[in-house]
Amino acid sequence: MTRPTDAPAAARTALDVEEARALIHASLTPVQGWEQVAIRDALGRVLAQDVIAPHNVPAHDNSAMDGYAIRTDDCHAGASLNIVGTAFAGNAFSGIVGPGQAVRIMTGAMMPRGADCIVPQEDVQADKTKVQIPAGRKPGQNVRRAGEDLALGEPALSAGKRIGPAELGLIASLGIAEVTVYRRLRVAFFSTGDEVASIGKPLAPGQIYDSNRYTLYGVLTRLGCDILDMGVIPDRPEALEAAFHDAATAADVILTSGGVSVGEADFIKEMVNRLGEVAFWKINIKPGRPMAFGKLDTTWLFGLPGNPVAVMVTFYQFVQDALLALMGVSPLPTRPTLAARCTIEIRKRPGRREFVRAIVRASADGWEVSPTGAQGSGVLRSMSDANCFIVLPESRADVAAGDAVDVQLFDGLT
């Protein structure tokens, strides 16, 4: 793992967003190991091998619409052709279309021998025995060729593709019952701090209930990781060291929340430096400035902040893509963004990239976006009410009402 030792002094202590992302991804390679699974069990998994088409898709030339299969040589002005049969999907016309003949054909039916064109039914006049065809037809019109979607022997899906509903259908269309996927990524996570209490326990003075583990449970489960919830670890070095040892033994990745700022009881950075190495522990963002990235032997570590919104921001901006890369996803998904008009003023000082929780909606004048009220890093409702981040770059100062801003949609991100 490369440390940012050649960067300017300010960047070494607090990296910009793109520097942090680049450093993380330069270090990562997919997990080793894969397995064969039935396609119904493959949803959300990542292909470890290409899926090769065992036959052409479609398997034969067929009609792209309901109409009539004809010979284009017969398409002269006022041509009237004899209807000699009907072709259905799955029940082909067995004869040959000869001069002056036409076959009634349905969408998906195999192209009859002798015919080279499909005329849509709305373009003709027909009765039970004859059909009048307009002039100007060309060979191949409205015909789907064999192998047009996928040709025999070609990759239908490439290794690194994460399997969604469309991919399940595509694999099934090839008649393939099993695929080879990377093994599931194993992620251990825990919260730290004497002020954090688990649900079900009474709160002592000054304590709060732990929401971060439930947030992380949600995002990790949605990603399809194998997860190990290690609970709340108190602010004692021996307890933290034991937790790190157990997590590193069991998992590919460790996620912690809390303990990475500069307080006297914030032990994560110091302990990881002693047990492994830390590449960085501050990023120029708001919320989420204190975030550690490092490694304990072969196990990757992300030390997230303690405040609930900062946990979600740092997870979505840095950790999620890292986990996808470790799962074998390639290329990584892009982040959906759009430009919108901000409805109210936002105060900001240059120097950090800020992620403002907001609601974007369509208006008569285009997209408009409004922050979801209080933006404190402990106000988890600001995430629950939002459907996007307003992303304010490092150089941006105050935003006036009516200014254009960049918006990162949650749909596709979360």
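Helices, at least four residues long, and strands, at least two, are DSSP runs numbered from the N terminus. The exercises below use that numbering on a predicted model.

**Exercise 1. Find which residues of helix 3 are buried and which are exposed, and say what follows the helix.**

Solution. 
- Step 1. Helix 3 covers residues 165–173, and its buried residues are E167, L168 and I171.

An α-helix has 3.6 residues a turn, so residues three or four places apart point the same way.

**Exercise 2. Check whether the span of helix 4 agrees with its 12 residues.**

Solution. 
- Step 1. Helix 4 runs over residues 212–223.
- Step 2. The expected span is 1.5 Å times one less than the number of residues.
- Step 3. For helix 4 this rule gives 16 Å.
- Step 4. The end C-alpha atoms of helix 4 are 17 Å apart, which agrees.

**Exercise 3. List the buried residues of helix 4 and state what covers them.**

Solution. 
- Step 1. Buried in helix 4 are N212, R213, T215, L216, V219, L220 and L223.
- Step 2. Their arc around the axis is only 155°, so they sit on the same side of helix 4.
- Step 3. Among the elements covering them are strand 13 (186–192), strand 16 (226–233), strand 17 (253–257), strand 21 (299–304) and helix 7 (308–327).
- Step 4. Just after helix 4 comes G224, with a positive phi of about 90°.

**Exercise 4. Decide whether N212 is buried or exposed, and name what it touches.**

Solution. 
- Step 1. N212 belongs to helix 4.
- Step 2. The relative accessible area of N212 is 6%.
- Step 3. Buried means under 20%, so N212 is buried.
- Step 4. Leaving out residues up to four places away in sequence, N212 touches S191, S257, P305, G306, N307, P308 and V311.

**Exercise 5. Describe the largest cavity and its lining.**

Solution. 
- Step 1. The count of cavities of 30 Å³ or more is one.
- Step 2. The largest cavity holds about 70 Å³ of space.
- Step 3. Its lining consists of G44, R45, V46, Y182, R183, R184, L185, L223, G224, C225 and M327.
- Step 4. Sorted by class, the lining of the largest cavity has six nonpolar, two polar and three charged residues.

Conventions: Residues numbered from 1 in each chain as written. Predicted model: local features only at pLDDT ≥ 70, side-chain atom pairs only at ≥ 80, totals over all residues. Heavy atoms only, no water. Buried < 20%, exposed > 50% of the residue type's maximum accessible area, 1.4 Å probe, protein only. Arc of directions from axis to C-beta. Contact = heavy atoms within 4.5 Å. 1 Å grid on protein atoms, 1.4 Å probe; cavity = no way out; pocket = protein on both sides within 12 Å on 5 of 7 lines; lining within 4 Å. Points joined across faces, edges and corners; volume = space filled by probe spheres on them. Nonpolar A, V, L, I, M, F, W, Y, C, P; charged D, E, K, R; others polar.
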